[in-house]
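Welcome! Let's take a friendly walk through this structure, one site at a time.

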Amino acid sequence: MTKKVGMVSVGLTQFQRRAKETGKELAYYSAKMALDEAGITRKDVDGVIIGSAPDAFDGVHQKHEYLTDGSGGFNLPTMRGYVGGGTGVFSPIQGWYSIASGVNDVVLVTTEEKMSSVQPSSQAAFLTIFDNMIERPLGPNLVWIFALEMRRYMEKHGIPKEHIASVSVKNKGNAIDHPSAMLGKKWTLDEVLNSELLADPVRLLDISPVADGAVSFVMMSEEKIKEFGISKDDVAWVDGVGWNVDTTMWTNRDLYYPKYVEKAAKQAYNMAGMKDHSPEALRKWLTFAEPYDPFNYKELHHLEGLQLFGKGKAPKAAFEGVTARDGDFPVTPSGGLLGVGNPIAAAAGMKSAELYLQLTGKAGKRQIDGRDMERGVAQAWGDLMQVGTVLVMKGGRIE
Amino acid sequence: MKVRGTKLTSDEFHNKVIAVKHAPEIEYDWATGVAISKFLKGLKDGKIIGVYCDSCDRTVTPPRMFCEECFSPMSKYVDLPDTGIINTFSIAYIKTDASRVEKPQLPAVIDIDGTSISPSGFLHLLDEINPDDIKIGMKVKAVWKDAIDRTGAITDIKYFKKMEDA
Amino acid sequence: MILNKRNQHKLPTTSVKGDFPVTYHYTAGIAGEKFFLALKDKKLLANTCDSCKFSYLPPKMFCEDCFDELDDGTYKEVDGTAELFSYSEVFYDHRGDKLEKPLLLGLFKLNGSSTIFMHNLLVSEPKIGMKVKVVWSEHRVGSIFDLKGFE
Ligand SMILES: [Zn+2]
Ligand SMILES: [Zn+2]
């Protein structure tokens with residue numbers, strides 16, 4: 001029998017293009033903030049999880065060892081999990097199973113990335129994720145890969161670019177209200193559609209900006225939450241988790257649909273006891289979603305993988321405002337990677353944090369209003385386009 | 001909620017704050033392995049090699065030593081035609097190092113003929129075509145380097161070009 | 001292993017060479033910046049955690065044990081005297097090439113700090129426990145080489 005696990009606080013740094021702080025100093029800011037918000041100290045923690053993407057970004061080999069002190073791991077059972085961009089949702093999943101299994105009771109989870117260390121461009125650090133024999137000699141850029149996937153998706157369903165571009169407008173706009181945001185701004189659809197063409201159909205404002213940042217969480221068993229006298233209003237319960245990886249032969253699968261996200265999502269929904277996976281039922285069951293949006297089309301792609309919209313149906317819904325913060329089904333109220341910024345592991349960490357903040361009514365100006373905040377889903381995606389990680393949480397008062 | 005972090009301008013980052021610069025002097029030597037060695041040798045001979053899985057009854061390329069689906073060893077290598085269809089493509093103005101180019105590169109995933117799942121192919125480049133005329137589903141054919149210049153590399157195929165209507 | 005055997009076809013060994021063309025730019029950070037700037041002025045800074053009294057040299061922005069933030073008030077200059085904690089005579093560089101002249105590397109416990117600090121040992125007959133003192137470079141730019149070592 002697994003233990004019931006709740007998230008009781010989050011901590012975030014400012015996301016920015018270039019931070020003066022070292023990676024471990026950024027980790028300290030977010031970890032300390034999460035502890036303070038939970039009203040506990042490091043002495044109360046009995047396990048530490050570190051989530052960070054390739055060592056090649058910070059330029060520190062075995063980054064988990066380097067980040068240990070700033071993440072609060074000194075003299076504690078500490079481990080790092082890493083599934084590329086999927087890490088920021090996977091880290092709280094690791095926090096969950098450390099506690100659910102009975103190994104730990106109070107876990108401090110930190111996700112961190114300092115991408116400004118790579119010069120002249122973080123692209124260089126991506127080089128060896130391409131196959132060294134049959135891809136890298138062709139001179140690929142990561143943007144190419146997204147362009148290839150985006151075109152396949154658009155072609156399959158006949159999606160107009162306007163529908164996809166509307167996600168950039170929405171998310172970058174939502175980010176204005178996020179204190180960590182580096183790029184919150186009201187753009188017009190035309191500005192997005194006419195921004196610099198990088199790799200057709202991908203334009204500059206379709207992409208999230210690279211960033212430095214860290215995000216932390218405190219997670220506890222139900223008994224510890226009671227012992228510390230933490231109010232149910234300050235808790236978001238982990239309801240379901242799932243993760244899945246598709247073939248690494250990415251040119252051997254149809255890029256138009258993320259099957260691995262579907263599998264991860266269904267795993268999480270089933271764990272939460274939700275057996276009806278129809279979009280209508282899921283959109284009623286969930287109050288909102290924070291799907292991974294490193295590119296605008298990815299938010300839509302992932303909403304479909306999450307079964308929240310039928311195949312090819314998400315773009316029109318987004319364009320018509322269904323997914324606006326005050327829409328029928330709010331999506332990425334945080335502002336997402338597109339608006340808040342993309343420090344890889346910490347970016348999806350920020351999405352997991354948004355679940356907590358929205359469900360506990362602590363999202364400030366970003367708070368979704370006019371409805372009961374029952375349940376939300378966060379999802380991230382990574383490796384070379386084949387990892388899906390999914391976290392469903394519910395508000396503390398929901399039994 | 002007060003979030004922290006000290007923002008640096010590009011000038012502060014590069015010229016003002018104390019920092020250490022370091023370029024790791026690393027060179028790698030990646031073994032091409034069992035299956036990709038065959039594939040690269042095939043390219044040197046002007047052929048595209050695939051591999052067949054008995055238990056799944058499927059032919060795929062690039063070849064691999066084991067089937068990731070049923071986890072059986074795969075050792076029946078087959079010659080495939082050097083033609084295929086465009087599965088997806090881009091018109092790219094951004095290079096590996098994020099620098100920009102005037103004349104776009106045309107990366108595409110080519111679904112190689114003779115394979116039994118779709119897509120089953122690899123990333124390559126298109127040329128001899130006006131970017132505006134490229135379409136998903138278009139039939140293409142490999143344009144090879146001269147035999148004497150081929151080294152057993154993915155670049156032994158210079159690019160794929162549109163097939164003339166047969 | 002059957003799988004292994006079956007795949008021992010007489011394959012030529014082939015490989016693909018590649019590099020990793022990046023340059024890293026590491027900021028010294030909040031605590032590091034204070035430390036390196038002080039070196040320029042021939043000052044060695046440590047900082048001490050109020051809660052546990054542990055002193056860090058180089059200084060840290062936080063105490064890794066108490067998790068207290070160590071602010072400006074926690075920094076103070078130490079006098080540069082130290083005890084030799086351990087040492088090694090090094091004959092090869094980081095690439096595995098033989099050094100022209102062997103290098104003496106020491107671990108130093110500086111008076112006023114709780115940590116161990118690594119730098120060059122500038123004595124001819126080292127002995128663990130011996131008293132040593134910092135030697136400054138003429139030209140100082142805010143780097144670890146602002147110190148020549150300890151003698
Ligand atoms: Zn098979
Ligand atoms: Zn302390």
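Predicted model: local features only at pLDDT ≥ 70, side-chain atom pairs only at ≥ 80, totals over all residues.

Buried means under 20% relative accessible area. C:C49 therefore counts as buried, at 0% relative accessibility, and C:C63 is buried with a value of 0%.

Now turn to chain B and the zinc ion (ligand 1). Its protein donors are the SG atoms of B:C53, B:C56, B:C67 and B:C70, which lie 2.2 to 2.3 Å from the ion. What makes the arrangement around the zinc ion (ligand 1) tetrahedral? The answer is in the angles: the four donor atoms subtend 101 to 115°. The spacing of the donors of the zinc ion (ligand 1) along the chain reads C-x2-C-x10-C-x2-C. Here B:C53 belongs to strand β3 (residues 48-53) of chain B, and B:C67 to the loop between β4 (58-60) and β5 (76-80), so that distant parts of the chain, 14 residues apart, are linked by the pair. B:C53 counts as buried because its relative accessibility is 1%, and B:C67 counts as buried because its relative accessibility is 0%.

Finally, look at where the two chains meet. How many residues does each chain bring to the contact? Chain C contributes 26 residues and chain B contributes 25. The size of an interface is often given as the accessible area lost when the parts come together. Between chain C and chain B, about 2,400 Å² is buried, and carbon and sulfur atoms give 57% of that area.

Polar groups take part here as well. There are 14 residue pairs in polar contact between chain C and chain B, and three salt bridges are found across the interface. You can find a salt bridge between the side chains of C:E69 and B:R4, with 2.7 Å from N to O. On the side of chain C that touches chain B, at least two residues each come from α1 (2-6), β1 (15-19), β2 (23-27) and α2 (29-40) of chain C.

Technical notes
Residues numbered from 1 in each chain as written. Chains lettered and ligands numbered in written order. Heavy atoms only, no water. Donors = N, O, S within 2.8 Å, 3.2 Å for Na, K, Ca; no water. Tetrahedral: all angles 85-135°; square planar, octahedral: opposite > 155°, others 65-115°. Helix = DSSP H or I, 4+ residues; strand = E, 2+ residues; numbered from the N terminus. Buried < 20%, exposed > 50% of the residue type's maximum accessible area, 1.4 Å probe, protein only. Contact = heavy atoms within 4.5 Å. Buried area = accessible area lost by both parts, 1.4 Å probe. Salt bridge = Lys/Arg side-chain N within 4 Å of Asp/Glu carboxyl O. Polar contact = N/O pair within 3.5 Å; in protein donor to acceptor, adjacent residues only side chain to side chain.
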